[in-house]
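Trainee: Could you go through this one with me? I would like to start with the aromatic side chains and then move on to other contacts.

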Amino acid sequence: MLSNIAFKQQNADLEWDLALNSRQGAIDFVMHFESQLCVYSASVEQLYTNYTINFSSRADAPLVILPNPYAFHDTYSRISAQAIRDTGLFIIPGETIGKQGLHLVSRQKQKSANSAPIPFRHALKKILSTQANEDPFLPVLVKGDLREFNSRTPCLHLHRIKLGELGKLSVFEQQSIKRAINQKLYLLYKQANQIRLPQNF
């Protein structure tokens, strides 16, 4: 946790607003994904795979992402914003839709295109199955992805990184990013059924 001393964060993309109806619920929810999902900052064109999530004791203070300063090799630079795409996919507590455990849902602009909720572990298995493709699904988080699914329930929206749009990077660097994200997805897949959410969701 951050101390009461004001923390001056130079990268505004790493300060996430917590002005939600259930601030504590959002904190409890997002902590399940600390360093499990990579975080992208458009302002500095960097992807962080090793970080901590920090909170101030102030009720109006933002969540702050702190990259590990001793693991510089876990930060990838020259990641163009054009390589980061909206997916319309959300990780939600299943209790929101009358189910148990985490689920993945799609919210498209056209309601007729919305898909049925999928248990999160099943969704991760499907995502992992794309990794041998030329265009693998590589989820990342950006500022604004911690939201509310309804008036009280926190959720995480997913973006994805498109390897084919990383023209500034070598093939080796692109594969390193893919490998780092894959390793985290696999660990998250193994732990997905053990994630326990607060009863008040």
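Mentor: F29, F33 and F120 come together as one aromatic cluster, and please keep in mind throughout that this is a predicted model.

Trainee: How many aromatic pairs does the structure hold?

Mentor: There are 3 aromatic pairs in the structure. In one of them, the ring centres of F33 and F120 are 6.2 Å apart and the planes stand at 80 degrees, so the pair is edge-to-face.

Trainee: Where in the chain do F33 and F120 sit?

Mentor: This pair links distant parts of the chain, since F33 is in the loop between α1 (23-30) and β2 (38-41) while F120 belongs to helix α2, 87 residues apart.

Trainee: And are F33 and F120 buried or exposed?

Mentor: Both F33 and F120 are buried. Another aromatic pair is formed by Y186 and Y189, and that pair is stacked, with 6.5 Å from centre to centre and 25 degrees between the planes.

Trainee: Which element holds Y186 and Y189?

Mentor: Y186 and Y189 both lie in helix α3, where they are 3 residues apart, about one turn of the helix. Y186 counts as partly exposed at 44% relative accessibility, whereas Y189 counts as buried at 15%.

Trainee: What lies over the face of Y189?

Mentor: That is R121, which is placed over the face of the Y189 ring at 4.0 Å from the ring centre.

Trainee: Switching to helix packing, how do the axes of α2 and α3 cross?

Mentor: The axes of α2 and α3 come within 9 Å and cross at roughly 150 degrees. That angle makes α2 roughly antiparallel to α3, because angles over 145 degrees are counted that way.

Trainee: Is the crossing of α2 and α3 left-handed or right-handed?

Mentor: The crossing of α2 and α3 is left-handed.

Trainee: Now the charged pairs: how many salt bridges are there?

Mentor: The count comes to 6 salt bridges. One of them joins R85 to E165, with the closest N and O atoms 3.5 Å apart. The pair connects distant parts of the chain, with R85 in strand β7 (residues 84-93) and E165 in the loop between β12 (154-161) and α3 (171-191), 80 residues apart.

Trainee: How accessible are R85 and E165?

Mentor: R85 is partly exposed, with a relative accessible area of 32%, and E165 is also partly exposed, at 30% relative accessibility.

Trainee: What does R160 pair with?

Mentor: R160 forms a salt bridge with D135, and the closest N and O atoms of that pair are 3.1 Å apart. As for accessibility, R160 counts as buried at 15%, while D135 counts as partly exposed at 36%.

Trainee: And what about R147?

Mentor: The side chain of R147 meets that of D145 in a salt bridge, at 3.8 Å from N to O. R147 counts as partly exposed at 31% relative accessibility, whereas D145 is buried, with a relative accessible area of 0%.

Trainee: What is phi of E45 near?

Mentor: Phi of E45 is near 50 degrees, again a positive value in a residue other than glycine. E45 is found in the loop between β2 and β3 (46-48), and E45 is partly exposed, with a relative accessible area of 25%.

Trainee: Last one: where is D13?

Mentor: D13 is in the segment before β1 (15-16), and D13 is buried, because its relative accessible area of 19% falls under 20%. The C-alpha atoms of D13 and V142 are separated by 7.5 Å, although these residues are 129 residues apart along the chain.

Conventions:
Residues are numbered from 1 along each chain as its sequence is written. This is a predicted model: local features need pLDDT of at least 70, side-chain atom pairs count only at pLDDT 80 or more; totals for chains, interfaces and linings use all residues. Side-chain values use heavy atoms; hydrogens and water are left out. A salt bridge is a side-chain nitrogen of Lys or Arg within 4 Å of a carboxyl oxygen of Asp or Glu. Helices (H or I, at least four residues) and strands (E, at least two) are DSSP runs, numbered from the N terminus. Buried means under 20% relative accessible area, exposed over 50%, partly exposed in between (1.4 Å probe, protein chains only). Rings of Phe, Tyr and Trp (its six-membered ring) pair if their centres lie within 6.5 Å; planes under 30 degrees apart count as stacked, over 60 as edge-to-face and the rest as tilted. A charge sits over a ring if NZ of Lys or CZ of Arg is within 6 Å of the ring centre and within 35 degrees of the ring normal. Axes are lines fitted to C-alpha atoms, for helices over the stretch in contact, and angles run from 0 to 180 degrees between N-to-C directions. Angles under 35 degrees count as roughly parallel, over 145 as roughly antiparallel, 65 to 115 as roughly perpendicular and the rest as oblique. A crossing is left-handed if the near helix is turned anticlockwise from the far one by less than a right angle, and right-handed if clockwise.
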